[in-house]
Amino acid sequence: MNTYQIIKAPVDTEKSNIQKELYKQLTFEVASEANRVEIRRAVEEIFNVKVKSVNTTNVKGKVKQRGRIIGKRRDWKKANVTLMPGYRINFFDGV
């Protein structure tokens, strides 16, 4: 699997911003087949940083209803990546 196929997108929420500031943790949406070792290698290769640890979570899609129509959001995998001290990734600075 290509490294750019493993890391799909950064997750930008209030909770992920707090984790970024306090604990140097970044949150990514990743491929559901990817494991921790592949995620670590992909982040280190793409952003030129050293990774301390990777924690993954499978997020189940919520069931949503609009009138009588019931649908479901898609399931996805989330990775919380902790960086080594002294390393930093800037996504939304200056926006």
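The legends below accompany an overall view and several close-up views of one predicted model.

Because the model is predicted, local features are reported only at pLDDT of at least 70 and side-chain atom pairs only at pLDDT 80 or more, while totals for chains, interfaces and linings use all residues. Residues are numbered from 1 along each chain as its sequence is written, and side-chain values use heavy atoms, with hydrogens and water left out.

Figure 1. The secondary structure comprises 3 helices and 6 strands, where helices (H or I, at least four residues) and strands (E, at least two) are DSSP runs numbered from the N terminus. The accessible surface is about 7000 Å², with 48% of it belonging to carbon and sulfur atoms; accessible areas come from the Shrake-Rupley method with a 1.4 Å probe, and for residues only the protein chains shown count as cover. Of the 95 residues, 29% count as buried, a class defined by a relative accessible area under 20%, with exposed meaning over 50% and partly exposed in between (1.4 Å probe, protein chains only). Among contacts (heavy atoms within 4.5 Å) that join residues at least 6 apart in sequence, 57% link residues at least 24 apart.

**Figure 2. The largest nonpolar core**. A nonpolar core is a set of buried Ala, Val, Leu, Ile, Met, Phe, Trp, Tyr and Cys residues joined through side-chain atoms within 4.5 Å. Of the 17 residues in this core, Ile7, Phe28, Ile39, Val43, Val81 and Leu83 touch the most other members. Two or more residues each are contributed by E2, H3, strand E3 (51-59) and strand E6 (76-83). When neighbours within four places in sequence are left aside, Ile39 is in contact with Ile6, Ile7, Val30, Ala34, Val54, Thr56, Ala79 and Val81.

**Figure 3. The aromatic pair of Phe28 and Phe47**. The structure holds 1 aromatic pair, in which Phe28 and Phe47 are stacked at 5.8 Å centre to centre with 25° between the planes. Rings of Phe, Tyr and Trp (its six-membered ring) are counted as a pair if their centres lie within 6.5 Å, and planes under 30 degrees apart count as stacked, over 60 as edge-to-face and the rest as tilted. Phe28 lies in strand E2 (residues 25-30) and Phe47 in helix H3 (residues 36-47), so the pair ties together parts that are 19 residues apart in sequence. Phe28 is buried, with a relative accessible area of 1%, whereas Phe47 counts as partly exposed at 26% relative accessibility.

Figure 4. Glu29, found in strand E2, is buried with a relative accessible area of 14%; residues up to four places away in sequence not being counted, Glu29 touches Ile6, Ile7, Lys8, Ala9, Val11, Arg74, Trp76 and Lys77. Thr56 has its place in strand E3 and counts as partly exposed at 26% relative accessibility. With residues up to four places away in sequence again not counted, Thr56 touches Arg36, Ile39, Lys77, Lys78 and Ala79.

**Figure 5. Thr3 and its contacts**. Thr3 has its place in helix H1 (residues 3-6) and is buried, with a relative accessible area of 14%. Residues up to four places away in sequence not being counted, Thr3 touches Ala42, Glu45 and Ile46.

**Figure 6. A nonpolar surface patch that includes Tyr23**. Ile18, Leu22 and Tyr23 form this patch, with about 350 Å² of accessible area together. Patches are made of residues with over 30% relative accessible area and no salt bridge, like charges being joined within 9 Å and nonpolar side chains (Val, Leu, Ile, Met, Phe, Trp, Tyr) within 5 Å; a salt bridge is a side-chain nitrogen of Lys or Arg within 4 Å of a carboxyl oxygen of Asp or Glu. Tyr23 lies in helix H2 (residues 14-23) and counts as exposed at 53% relative accessibility.

**Figure 7. Positive phi values at Lys24** **and Asn48**. Lys24, in the loop between H2 and E2, has a phi near 60°, a positive value in a residue other than glycine, and is partly exposed with a relative accessible area of 42%. Asn48, in the loop between H3 and E3, has a positive phi of about 55° although it is not a glycine, and counts as exposed at 62% relative accessibility.
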